[in-house]
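This note is meant to accompany a first reading of the structure. Please keep the model in view while going through the points.

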Amino acid sequence: MYPPQHVAIIMDGNGRWAQNRGLARHEGHKEGVKTLKKIVKYAVETDISSLTVYAFSTENWKRPKAEVDFLLALMKKTMRNEVKDLLDNGVRINFIGRKNGLSKNLIKEIEHIEIKSKKNKCLTLNIAFNYGGRAEIVDAAKKIFIESQNKGFNIDELDEDLFSSYLYSSDFQDIELLIRTGGDKRLSNFLLWQSAYAELYFTDKYWPDFDAAELDAALEDFRNRERKFGALNDGDKNA
Ligand code: IPE
Ligand code: IPE
Ligand code: MG
């Protein structure tokens, strides 16, 4: 089967990776950034055209303030430090998530890198930050409601394609392969709409231990899946 064009990753297990080594949880987050850099580089070399990663969920605000502050600062620092490398590698950066709740400085950094990388074509890296799948769907419903009031939008015209265009990223393709590291088998509110028909791949590896060989294993597994989208198998057409 063809390689997946759009891969999503729930980068989980940073905290446990660190704790298993007697380190503070934030050391795991720092290591996780290194893994992401390697995986982005590798994704550029493959046929994957979009990679979407879960970096901070709308639920992660429930963590201790010190960890939340660390994650916000790490994001800002990473965006600033990595911009050159990402641009050199032809990576386009796109954020999905609620900007509401993020500091002005972080939003500035995010918008700067989005604009700078806009024309890049080798890989689109969507970073889900302050992202929640339910929040995204509610935000889309609100936008549609406001437009229906302001523009006399005919609600009967609303179908799945039109609804999709109101999500955080209107040109966002469906997820074909969704990987979660860290051993848990759940979505944790990630891309609920876009993963409707995603193939799911779970690995026990903690995110800092994930590497190109692990990604290859997931891609290989994907190639052996039969994607039916509710239809019958090819061979069953005349059954
Ligand atoms: C994922 O690793 C990173 C974020 C959620 C920001 P965790 O921090 O959830 O690590 P574990 O799951 O506690 O090991
Ligand atoms: C999901 O991981 C969020 C990110 C990886 C950013 P969590 O560690 O927050 O998920 P739960 O709490 O185990 O479901
Ligand atoms: Mg976790």
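The numbered points below treat the sheet, then the helices, then the aromatic pairs.

1. Basis of the note. This is a predicted model, in which local features need pLDDT of at least 70, side-chain atom pairs count only at pLDDT 80 or more, and totals for chains, interfaces and linings use all residues. Residues are numbered from 1 along each chain as its sequence is written, chains are lettered from A and ligands numbered from 1 in the order in which they are written, and side-chain values use heavy atoms, with hydrogens and water left out.

2. The sheet. Six strands form an open sheet in the order β3-β4-β2-β1-β5-β6, and their pairing is parallel. Helices (H or I, at least four residues) and strands (E, at least two) are DSSP runs numbered from the N terminus, and two strands pair if DSSP finds at least two bridges between them. At the edges are β3 (91-96) and β6 (199-202), each of which pairs on one side only. Neighbouring strands of the sheet are turned by 20 degrees against each other on average, direction ignored.

3. Strands β3 and β4. The parallel strands β3 and β4 (residues 123-131) are joined by six bridges. Opposite asparagine 94 stands asparagine 126 in β4.

4. Helix α3 on the sheet. Helix α3 (residues 65-88) lies across β2 (50-57), β3 and β4, and runs at about 165 degrees to β4. Axes are lines fitted to C-alpha atoms, for helices over the stretch in contact, and angles run from 0 to 180 degrees between N-to-C directions. Leucine 72 belongs to α3; leaving aside residues up to four places away in sequence, leucine 72 touches Trp61, Leu102, Leu106 and Phe129. Contact here means heavy atoms within 4.5 Å.

5. Helices α3 and α4. The axes of α3 and α4 (residues 104-116) come within 10 Å and cross at roughly 20 degrees. The two helices are therefore roughly parallel (angles under 35 degrees count as roughly parallel, over 145 as roughly antiparallel, 65 to 115 as roughly perpendicular and the rest as oblique). The residues of this contact divide into eight nonpolar, one polar and four charged. Ala, Val, Leu, Ile, Met, Phe, Trp, Tyr, Cys and Pro count as nonpolar, Asp, Glu, Lys and Arg as charged, and the others, Gly among them, as polar.

6. Helices α2 and α3. Helix α2 (residues 25-45) packs with α3 at an angle of about 30 degrees, the axes being 11 Å apart. That angle makes α2 roughly parallel to α3. In this contact, residues of α2 including Arg25, His26 and Val33 meet residues of α3 including Glu67, Phe70 and Leu71. The contact divides into six nonpolar, three polar and seven charged residues.

7. Aromatic pairs. Rings of Phe, Tyr and Trp (its six-membered ring) pair if their centres lie within 6.5 Å; planes under 30 degrees apart count as stacked, over 60 as edge-to-face and the rest as tilted. By this rule there are nine aromatic pairs. One of them is the edge-to-face pair of tyrosine 54 and tyrosine 131, at 6.0 Å centre to centre with 80 degrees between the planes. This pair links distant parts of the chain, as tyrosine 54 in strand β2 and tyrosine 131 in strand β4 are 77 residues apart.
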